[in-house]
Amino acid sequence: MFKKVLIANRGEIAVRIIRACRELGLHTVAVYSEADRGALHAEIADEAVCIGPAASAESYLNVRAIIGACEITGADAIHPGFGFLSENASFARTCEKCGITFIGPDSKSIEMLGDKAAAKQAMKAAGVPVIPGSEGAVKTMEDAKRIADEMGYPVMVKASAGGGGRGIRVVESADKLELQISAAKQEALTAFGNDEIYIEKLVVNPKHIEIQILADSFGNVISLGERDCSMQRRNQKVLEEAPSTIIDEKTRAAMGKAACAAAKVCGYKNAGTIEFLVDKDLHFYFMEMNTRIQVEHPITEEVTGVDIVKEQLKIAAGEKLSYKQKDITLHGHAIECRINAENPEMNFMPSPGVIDSLFIPGGPGIRVDTAVYQGYEITPYYDSMIAKLIVHGRDRDEAIAKMKWALSEFIVDGVHTNVDFQLKLIRTKAFEKGDYDNGFLNRVQIV
């Protein structure tokens, strides 16, 4: 086992990783920007190093500064969390060259799976169902028109690199194809430095279901059940639940088997998530693989009892998985609401400012992952998520009841938040029945 872990991230995920390291007796190093000088992760780590100005490009994305912080402190491992450099193959490769353990998959796996077109080819080779689409990146507009015509509209234009819902366009008819491809390519180039796109058939009104996997260096791969991430606004997840209301035991087993096959064909190691689209007939199709810990990992931890972050650390240290597939059973139901500093009445505009007062709910089955505190200043430089409210109940009805009162008790004064929006969402008949899909928030106004 390595001795000192540098967390190349900020906010609640950095705090989460620091706590897991402490349980394993590992020394921790936090890095922080000038804007995060008073941040919780910098306060609770054993050591903290300032790595640059507020701008992410000069701090949390600054590879030289992060590697330099390892050299200064003697850190022999890096956990990238999610976002920032977590899926950057070049960063993972730099860690490998410097003899620093990267707590995640190797650079080759990140590189292959980060290219959606290449990942799709790998999944087809492994026998994993994929959405019908172009064979790799589309090179010319003529090819794009031919492929779309052959598949039939509607289709989706998607960026080969990146994620987070960017570089994606739905095309309803042939006359809109060229315009939407141009828009997707420009957005992808700006966001990822790569304007390659591919085209795939649009699955109408699907569910977004993802499977959490863990894989070690000894060829062992297990799946930890599914998460339903279909409640999205502008391709961004709003809340998640586990297990899904639509997935039966037969489909769960088939999806888990496919996810493990996907990991094995890529020689994947550590924690990863395979995302699928599932139609009304429970046909599932590979969408992409996230080569990092997910924001929504706590709900899987709650229903399985597996500490995913601690498993990440152990796997990276060369240990075998602590569990076999037969050990994984799902208990009860869990829901996670993402609490953001934003104003839903102003088109979800970010709401930076100082938290004047704060009350975080607690009690049986309530978990809050956060890095904010009373007097904390939310700056405009980073993602607006300030907390994750997670509940666990014996069944879905109990979990919903817990979430309703937990949201009602969650108080954040000084900035706008989406707490009331989440409460209204939880109270909708559609959510209570589990009758929602990826496009629900695009069709329904939550007031």
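Is the crossing of α12 and α13 left-handed or right-handed? The crossing is left-handed, a term for a near helix turned anticlockwise from the far one by less than a right angle, clockwise being right-handed. The model is predicted, so local features need pLDDT of at least 70 and side-chain atom pairs pLDDT 80 or more, while totals for chains, interfaces and linings use all residues. Residues are numbered from 1 along each chain as its sequence is written, and side-chain values use heavy atoms, without hydrogens and water.

Helix α12 spans residues 396–409 and helix α13 residues 419–426. Both are DSSP runs (H or I, at least four residues), numbered from the N terminus. Their axes come within 9 Å and cross at roughly 155°. Axes are lines fitted to C-alpha atoms over the stretch in contact, with angles from 0 to 180 degrees between N-to-C directions. The two helices are therefore roughly antiparallel (over 145 degrees).

In the contact (heavy atoms within 4.5 Å), α12 contributes Ile400, Met403, Lys404, Leu407 and Ser408. Helix α13 contributes Val419, Gln422, Leu423 and Ile426. Six of these residues are nonpolar, two polar and one charged.

The model contains zero disulfides, defined as pairs of cysteine sulfur atoms within 2.5 Å. Cysteine 98 is in none; its nearest cysteine sulfur, that of cysteine 95, is 7.1 Å away. Cysteine 98 is partly exposed, at 42% relative accessibility (20% to 50%; 1.4 Å probe, protein chains only). Cysteine 229 is also in no disulfide, the nearest cysteine sulfur being that of cysteine 337, 13 Å away. Cysteine 229 is buried (under 20% relative accessible area), with a value of 0%.

How values were computed: Angles under 35 degrees count as roughly parallel, over 145 as roughly antiparallel, 65 to 115 as roughly perpendicular and the rest as oblique. Ala, Val, Leu, Ile, Met, Phe, Trp, Tyr, Cys and Pro count as nonpolar, Asp, Glu, Lys and Arg as charged, and the others, Gly among them, as polar.
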